[in-house]
Each structure stands twice: as structure tokens, then as C-alpha cells.
Amino acid sequence: MKSNMSTGIDIVSIDRIKEILTSSKRERFLKKIFSPNEIKEAKSRKNEAQFFSGRFAAKEAIRKATSTPHHPSKLTFKSIEIFNYASGKPGVNLNNDSVVDISISHDGNYAVAFCVVQ
């Protein structure tokens with residue numbers, strides 16, 4: 001029996017994202033990758049680079065999980081929105097029918113995300 005579940009993982013250097021956020025590429029990067037809600041949420045966070053790094057890793061992990069060996073994911077970064085439930089657990093809004101469970105973690109200069117897509 002074939003499972004309709006897939007996984008994805010990604011790791012991001014927080015310093016790499018910090019470089020982008022402090023450069024002339026900032027606005028283009030934010031508008032290309034993140035939803036208005038994600039950008040608004042970042043303003044309430046103490047470490048903006050860490051926040052965006054985790055979200056970027058999550059989106060990359062989801063795109064990997066929704067790809068096949070012969071076809072890249074049809075999801076764009078903007079079509080994937082990461083949010084937090086009241087409990088703090090991250091959740092995902094997608095423009096399709098997939099169900100995604102996501103986990104994001106930060107340590108030192110890295111953010112990592114792991115997901116299961118059904």
C-alpha cells in the first residue's frame with residue numbers, strides 16, 4: 001500500500017538571512033517570500049533574522065515535501081503561509097488541499113524546519 005505522506009527538512013543560516021535583511025535586497029526578498037501577515041508578525045519578534053530564517057526553512061521544507069523526483073513543487077513561497085497557534089506551535093496555510101504538520105527550531109546561527117505533508 002502506497003502512503004500519501006511525504007517529508008521535508010531544511011536548515012538555514014541566520015547570518016545569511018540577516019545579511020539580506022540589512023541590504024538593499026530586503027524589500028524584494030520579503031515581498032517575494034513572505035505574506036503580509038508573516039511580515040507583520042516579524043515586527044513583534046525580538047530577533048527578526050531568526051524569525052524569518054525559521055519561516056524560510058519551513059517554506060523550503062514544505063516545497064521539498066511537495067516535490068516528486070521528476071517534478072518540482074508547484075507551491076510558491078508566497079502560497080505557503082506559516083503562522084503560530086495560540087499554543088505557540090507553528091501551523092501552515094496552503095493554497096491547496098494538503099495537510100501539513102511543521103516543526104521549526106533555532107540553535108546558535110541556524111534555523112531548521114521539518115514537515116510531514118499528507
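The model is predicted: local features need pLDDT of at least 70, side-chain atom pairs count only at pLDDT 80 or more, and totals for chains, interfaces and linings use all residues. Residues are numbered from 1 along each chain as its sequence is written, and side-chain values use heavy atoms, with hydrogens and water left out.

**Aromatic rings**

| Pair | Centre distance | Plane angle | Class |
|---|---|---|---|
| Phe51 and Phe52 | 5.5 Å | 70° | edge-to-face |
| Phe56 and Phe77 | 5.5 Å | 20° | stacked |

Helices (H or I, at least four residues) and strands (E, at least two) are DSSP runs, numbered from the N terminus. Phe51 and Phe52 are both buried, as are Phe56 and Phe77; buried means under 20% relative accessible area, exposed over 50%, and partly exposed in between (1.4 Å probe, protein chains only). One aromatic cluster unites Phe29, Phe34, Phe51, Phe52, Phe56 and Phe77.

**Helix contact**

The axes of helix H1 (residues 14-21) and helix H2 (residues 26-33) cross at roughly 115° and come within 7 Å. Such axes are lines fitted to C-alpha atoms, for helices over the stretch in contact, and angles run from 0 to 180 degrees between N-to-C directions. From H1, Ile17, Ile20 and Leu21 meet Arg26, Phe29 and Leu30 of H2, where contact means heavy atoms within 4.5 Å.

**Largest pocket**

The volume of the largest pocket is about 200 Å³. On a 1 Å grid over the protein atoms alone, a pocket is an open set of points where a 1.4 Å probe fits, with protein on both sides within 12 Å along at least five of seven lines; lining residues have an atom within 4 Å of a point. H4 gives the largest share of the lining, 4 residues. Among the lining residues are Phe51, Arg55 and His106.

**Ser98**

Ser98 lies in the loop between strand E3 (90-94) and E4. With a relative accessible area of 26%, Ser98 is partly exposed. Leaving aside neighbours within four places in sequence, Ser98 is in contact with Val117 and Gln118.

How values were computed. Points joined across faces, edges and corners; volume = space filled by probe spheres on them. Phe/Tyr/Trp six-rings, centres within 6.5 Å; stacked < 30°, edge-to-face > 60°.
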